[in-house]
Structures are given as structure tokens and as C-alpha cells.
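Please look over the sequence and the model before reading on.

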Amino acid sequence: MVLYWFPPVLISYYYCLLLHLIFKLYLSKYYAWGFFFFIVFSMGYEIDLMRNIKALLLFIYSLQYVYRKKITYFLFYNTIAIGFHSSAILFFPLYFLLNRDINKRLIGSLFVIGNLLFICHIGIVKLILLPVLTFMGGVYSMMLINYLDSDLFSQPYGLSFGFVERIVTFFLLYKYASRLEQKSCINRLFINTAYMYLLLMVYCSDFSIFIDRVAAMFRYFYWILIPLLLFGKERISYHKVLISFYLLFSISRTIALTDTILLSLIHISEPRDAHE
């Protein structure tokens, strides 16, 4: 019985320790709100990402070394992250990208165009990738083609409360990015992550498995930036309205995520009543 519970307890301790370090480092006194937004926006991580989140938390912790330009420490933590999941290799190029001063007008234009394509159900990923993959051939190309042709894995995202939330979040970050950076220059890393995530959501919306497994990893900016905008000294004037909006969204998202067959399953190794 002790051996049965040991791995979950150890994993839970690992999560709590790294989340504690992350929120203490990037949020300071708004620490508790970091956990709240982690729960709201990352509730499905252990189902959709599994081992990825173990690598992701190490990457988020290592972002301090991107800001400090200490590449050795960054490489150290993310090399360990690869041991948890090979997807951590995606984090290495971000060392050179996340701390850049990005053209806001370009980002705004791309977001508007992407949302028009999203609303019109014009799938960019299938339009571009299918011909390229068909031409290239090979095992991995065929695997991606099968994903793109699958109704289960490439079902497009539609208009929803989440769509409205992403529009609101983009507007907030676009308008108040300078204020966040004045508070702390390290916030630029999270702002650029937000732009990357929100653009992936509109341009790759016809490839749902990519959204669930890759784009979702970059949702961590919510844990840091939204608490700062709503509760920090740099909070915006209509923060109470936005608090109500995000609370309503959190309830909606919680209902949607928990109303699945996966969360209704009973672990096969748990003892069951003989009369069940």
C-alpha cells in the first residue's frame, strides 16, 4: 500500500516545490493568485501533457537565466527537462527569442488577420503542411498526415467563451505591456510567450492535437501576468470588472474540463466494492 502511494506523493511534492519556487520568484506577494490561475488555465495538464509538465516547470524556473543572460544555467535545467520529455527540446531556441523587443504593430496585425481566418474557418496548417508532408514522405511525415486527416486529432476549434477570453487577454497585454515591463523587465519574457501562444491558437486552430500538446505548454504566462494586471500596483482601473470576467471564465472552464469521461474513470488498481 505504501509503494502504491509513494510515486503520486513524490510527483505531487515535485510539482508543489517547483510551483512554489516559480511563484515566489516571479510573483512575490501575489503568490496565491499564481496558484489560482495555474488551476484555472492548466487544470488539464496532467491529462493532456502528462510528463511534459514536469519538463515545463523546469523551463519556467530557468527563464530567470534568460533574463540574466546566463545560458549555462539555462542549458543545465533544460537538459534535465529533456529527461522527463523530449518535447523540452522546443525550449532551447526560446533562449534567443523570448527576451527580444518585438514589434507590437506586427503582432497586432498578425493577431487580427489570424482571428479573421479563425472566424472564417480557413485552416492554415492543413493548407500548408499537407502538400509539404506528402512531398517529403517518411515515417514522421505519414504520422503527421494521419493526425491532420483524423477527425479526432485535427478537429478545428470554434467560437466559444475561450475565444472571447483570448481576445480580452490579448487586448490587455497589448495595451499594458509597457506598464508590466516597467514593473520588471523579466515580464517581457512572459509577454512574448503570451503573444506566441495567442498567435498559435488562431493560426493552428484546425490542428487540435497541436494546440493541446504544444501550444498549451505556453499557457504559463497566465499564472504570472494576469495576477499582476488585476492585483498588483500596476493594476488597471477597471480591474474589478476583469476579476469578475476571469472568475466567470474559470467556472465555465472548470465545468467544461471536468465533464469528460477521463475524469470519470476509476483507477483499475484501486480496490472496489464487491457489489459495484
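## Burial and a stacked pair

A residue is called buried when its relative accessible area is under 20%, exposed when that area is over 50%, and partly exposed in between. By this cut-off Tyr65 is buried, because its relative accessible area is 9%, whereas Tyr73, with a relative accessible area of 45%, is partly exposed. The model described here is a predicted one.

## Aromatic rings

In the structure there are 38 aromatic pairs. One of them joins Trp33 and Phe231, whose rings are stacked, with 4.1 Å from centre to centre and 15 degrees between the planes. This pair links distant parts of the chain, since Trp33 belongs to helix H2 (residues 31–42) and Phe231 to helix H12, 198 residues apart. Trp33 has a relative accessible area of 32% and is therefore partly exposed. The rings of Tyr65 and Tyr73 also form a stacked pair, because their centres are 5.1 Å apart and their planes lie at 20 degrees.

Trp33 and Phe231 are also members of one aromatic cluster, which includes Phe36, Phe37, Phe41, Phe161 and Tyr197.

How many of the residues of helix H12 (residues 221–231) are buried? Eleven of its eleven residues are buried, so that the helix is described as mostly covered. Among them are the aromatic residues Phe221, Tyr222, Trp223 and Phe231, together with Ile224, Leu225, Ile226, Pro227, Leu228, Leu229 and Leu230.

Leu189 counts as buried, because its relative accessibility is 0%.

## Helix H6

Helix H6 (residues 104–119) has 16 residues, which at 1.5 Å a residue should span 22 Å, and its end C-alpha atoms are 22 Å apart, so the two values agree. At the start of H6, the backbone nitrogen of Arg105 has a side-chain oxygen of Asn103 within 2.9 Å. After the helix comes His121, whose phi is positive, near 55 degrees.

Which residues of H6 are buried? They are Ile107, Gly108, Phe111, Gly114, Asn115, Leu117 and Phe118. In an α-helix there are 3.6 residues a turn, so residues three or four places apart point the same way.

## The salt bridge

A search of the whole structure finds one salt bridge. It is formed by Glu181 and Arg188, with the closest N and O atoms 3.3 Å apart. Glu181 is partly exposed because its relative accessible area is 22%, and Arg188, at 22% relative accessibility, likewise counts as partly exposed.

Ile71, Leu75, Phe96 and Leu97 make a nonpolar surface patch of about 350 Å². Ile71 is placed in helix H5 (residues 71–84). With a relative accessibility of 34%, Ile71 counts as partly exposed.

Key: Residues numbered from 1 in each chain as written. Predicted model: local features only at pLDDT ≥ 70, side-chain atom pairs only at ≥ 80, totals over all residues. Heavy atoms only, no water. Patch = residues over 30% accessible without salt bridge, like charges linked within 9 Å, V, L, I, M, F, W, Y side chains within 5 Å. Areas by Shrake-Rupley, 256 points an atom, 1.4 Å probe, with all protein chains shown as cover. Salt bridge = Lys/Arg side-chain N within 4 Å of Asp/Glu carboxyl O. Helix = DSSP H or I, 4+ residues; strand = E, 2+ residues; numbered from the N terminus. Buried < 20%, exposed > 50% of the residue type's maximum accessible area, 1.4 Å probe, protein only. Expected span 1.5 Å × (residues − 1). Polar contact = N/O pair within 3.5 Å; in protein donor to acceptor, adjacent residues only side chain to side chain. Phe/Tyr/Trp six-rings, centres within 6.5 Å; stacked < 30°, edge-to-face > 60°.
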